[in-house]
Amino acid sequence: MTNIRSTLATVWRIAVPYFKSEDGRMGRILLATVVVIELAAVGLAVLFNRWNNVFYNALQERDYNVFAYQLGYFCVLAAIFITIKVYQLYLNQWLQIRWRRWMTERYLGEWLHDANHYQMQLQGDAADNPDQRIAEDTQMFVERTLLLGIGLLNSVVTLFSFVIILWGLSNEAPLHVFGRDIPIPGYLVWGALIYAAIGTLLTHWIGSPLADLNFRQQRFEADFRFNLVRARENSEQIALLRGEPAERGKLSSRFGLVADNFMRIMTRTKKLTAFTASYSQASIIFPYILVAPAYFAGKVQLGGLMQTASAFSSVQDSLSFFVTAYRTLAEWQSVVARLDGFEVAIRNATAQRANPGISRVVAQAGDAIDLDDLELTLPAGQPLMRADDFRISGKQRTLIAGPSGAGKSTLFRAIAGIWPFGSGAIAIPADATIMMLPQRPYFPVGELQAAIVYPAETEAFTAAQVADVVKQVGLPALADRLAEHGHWNRTLSLGEQQRLGLARALLHAPRYLFLDEATASLDEPSEAALYRLLDHKLPDTTIVSIGHRSTLNAFHDRDAILTRSGDRFTLQDKVRTAAPAAS
C-alpha cells in the first residue's frame with residue numbers, strides 16, 4: 001500500500017505541471033472531453049444491457065415485430081458508440097502528443113540547462129541513458145497514464161452503474177439450489193466481488209516481480225543500444241585495432257543481459273497469462289452457472305438470463321481492472337520510477353551547481369581572472385590540485401604544463417563553471433566571453449557552416465566569413481563544402497577537426513580562449529602557423545594553453561606548471577631559462 005501511494009504521488013508530481021502550464025488549458029479541455037466521451041460510452045453500455053433483455057425475450061417469444069425494431073435500435077446505438085469511440089481515440093492521441101511535446105521540451109530544457117547534463121554524468125549512474133528517458137519514457141508515461149486513468153474511470157463508473165442493475169436482477173432471478181430459492185440479497189453482486197477479489201490477489205502474487213523486471217529490461221535495452229552507437233561512432237579506431245572480436249564479445253555480453261532478463265519476463269508473463277486467461281474464460285461461464293438454475297426453474301426468461309450475464313460481466317470486468325491491466329501497470333510503474341530518477345538527478349545536479357564548493361565570483365572591473373585559495377577535488381572528494389593567488393592577466397599568453405592526471409583540464413572546467421567539486425574562489429570579469437577548445441572539438445551533425453559557427457546560429461556569420469577563416473586555418477578544400485551535410489566528427493581527421501575548432505575561435509573572437517591541447521594532433525610547423533594566426537587575428541584575446549611541446553614556449557610569454565605537492569598538485573609559475581624565440 002505504501003508503494004502504491006508513493007507511485008501515485010510521483011505520478012501526480014510528474015503529470016500535474018503540464019495541466020498548469022501555458023498549454024494546460026487546451027490539455028484540460030481535451031482531457032475533459034475524453035472523460036465525457038468515456039462516461040457516454042458507459043451510458044451506452046447500460047442501454048446495450050437493457051437491449052439484451054428485450055431482444056432475447058423477443059427471440060424466445062418469436063415476436064418478429066419487436067425483434068425487427070430492436071435490430072434497428074441496436075444499429076442506432078452501435079452507430080453512436082462507434083462515432084464516440086473514434087473521436088475519443090483521436091482526441092486522446094491529440095492530448096498525448098501535446099502532453100508529450102510539453103514534457104519533452106521541459107526535460108530537454110532542464111537537462112541542458114547550465115551544464116546539468118554534465119553534472120549528472122559526474123554524479124555517476126543515478127540516471128542512466130537520459131536519451132531513453134526523454135525519448136521513450138515520456139511517450140510511455142503519457143500513453144500509459146491516460147490508458148490506465150481512463151480505464152480506471154470506466155471501471156468505477158461501470159461498477160456503480162451495473163451494480164444497481166445486477167442487484168435488482170438478483171431479486172428477479174434468486175439463487176436456486178436443489179429446487180429451492182435461497183434469499184441472498186444481491187448475491188450476484190457478492191459473487192462478482194468475491195470472484196474479482198480472488199483473481200486480483202492471485203494476479204498480484206504471480207505478477208508482482210514484473211515491475212522490477214521491466215525496469216531492468218528498459219535499462220539493459222538502453223545500455224545495449226548505447227554501446228551499439230559507440231561502436232558505430234568509433235568504427236575507425238575499432239577497425240585499426242582489429243577490435244571487432246572484442247567489440248562483438250562486449251556487445252554479446254550486453255545483449256546477454258537483455259536476453260536473460262527477457263527470459264525471466266517471459267517466464268513470469270507465461271504464468272500470469274495462464275492465470276488471467278483462465279480467469280477470463282471462467283468469468284464468461286460463471287454468471288450462467290449462478291443464474292441457470294433459476295432459468296431452468298422458470299424463474300426468469302431468456303432475456304433476463306442474457307441481461308444478467310451481461311451485467312455480471314460488466315461488474316466483474318470493473319472489479320477485475322487490476323487483473324486485466326496488470327502487465328500494463330507493471331510497465332507503467334517502471335516508467336514512473338525511471339522518470340522520477342531522472343528528475344531527482346536533475347534536481348541534484350541543479351543543487352550541486354547552485355551550492356558548489358567553489359565560489360565563482362563575477363568581478364565588476366578589471367580584465368584578469370584570479371584564482372584565490374582554489375582547491376579542486378575529484379567527485380568522491382580526493383584532493384586533485386591547488387592554485388592560490390594565481391592571476392591570468394588580460395591579453396597574456398600563458399602555457400600550462402604538468403603530468404597527465406594533474407588536473408589541467410579540470411582547472412579549465414572549474415574556470416568555465418562546470419566543475420563544482422572543491423573550494424576557494426574564481427573571479428572573472430563581468431563582461432568576460434570565454435571559449436574552451438578541447439583536444440577533440442564537438443561538431444553537431446548537419447551543415448558544415450552550422451557546425452563551424454556552433455553554438456551560434458548559422459545566420460550569425462556569412463558564408464564568406466566562414467569560408468575565409470576555413471581557408472586561413474589551412475583547409476581551403478572545405479571552404480566550398482559549407483552547405484554540405486555530414487557527421488563531421490566521423491568524416492574529418494582529428495587534425496582537420498582541430499583546425500576547424502580554431503576557425504570557430506577566430507569567428508567568435510572570445511575575450512578569453514582556453515586551448516586544452518587543441519593543436520596536439522598537428523605537426524609542429526602547422527601548430528606554429530596557427531598560433532601565429534591567433535596572435536595576428538586575436539591580439540586582444542587572453543590565451544591559456546595546455547600543452548607538452550617545448551615549441552609552444554615561443555608563442556606564450558608565461559609558463560606555469562603543475563607539480564606534485566603531497567597528495568595533490570600545485571599550480572605555480574615556472575622560471576624560464578631562456579627568452580622565448582621570436583614568432
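Tutor: Buried means under 20% relative accessible area, exposed over 50% and partly exposed in between, with a 1.4 Å probe and protein chains only. This is a predicted model, in which local features need pLDDT of at least 70 and side-chain atom pairs count only at pLDDT 80 or more, while totals for chains, interfaces and linings use all residues. Residues are numbered from 1 along each chain as its sequence is written, and side-chain values use heavy atoms, with hydrogens and water left out.

The patch consists of Trp167, Ile184, Trp190, Leu193, Ile194, Ile198, Leu202 and Trp205, which together have about 820 Å² of accessible area. Its members have over 30% relative accessible area and no salt bridge, and nonpolar side chains (Val, Leu, Ile, Met, Phe, Trp, Tyr) are joined within 5 Å. A salt bridge is a side-chain nitrogen of Lys or Arg within 4 Å of a carboxyl oxygen of Asp or Glu. Accessible areas come from the Shrake-Rupley method with a 1.4 Å probe, and for residues only the protein chains shown count as cover.

Helix 6, residues 187-207, gives the most to this patch, with six residues. Helices are DSSP runs of H or I with at least four residues, numbered from the N terminus. Trp205 lies in helix 6 and counts as exposed because its relative accessibility is 65%.

As for the whole, the protein chain exposes about 29400 Å², of which carbon and sulfur atoms supply 60%. Buried residues are 44% of its 583 residues. The C-alpha atoms fill a box of roughly 120 × 55 × 55 Å along the principal axes.

Definitions and conventions
Patch = residues over 30% accessible without salt bridge, like charges linked within 9 Å, V, L, I, M, F, W, Y side chains within 5 Å. Helix = DSSP H or I, 4+ residues; strand = E, 2+ residues; numbered from the N terminus.
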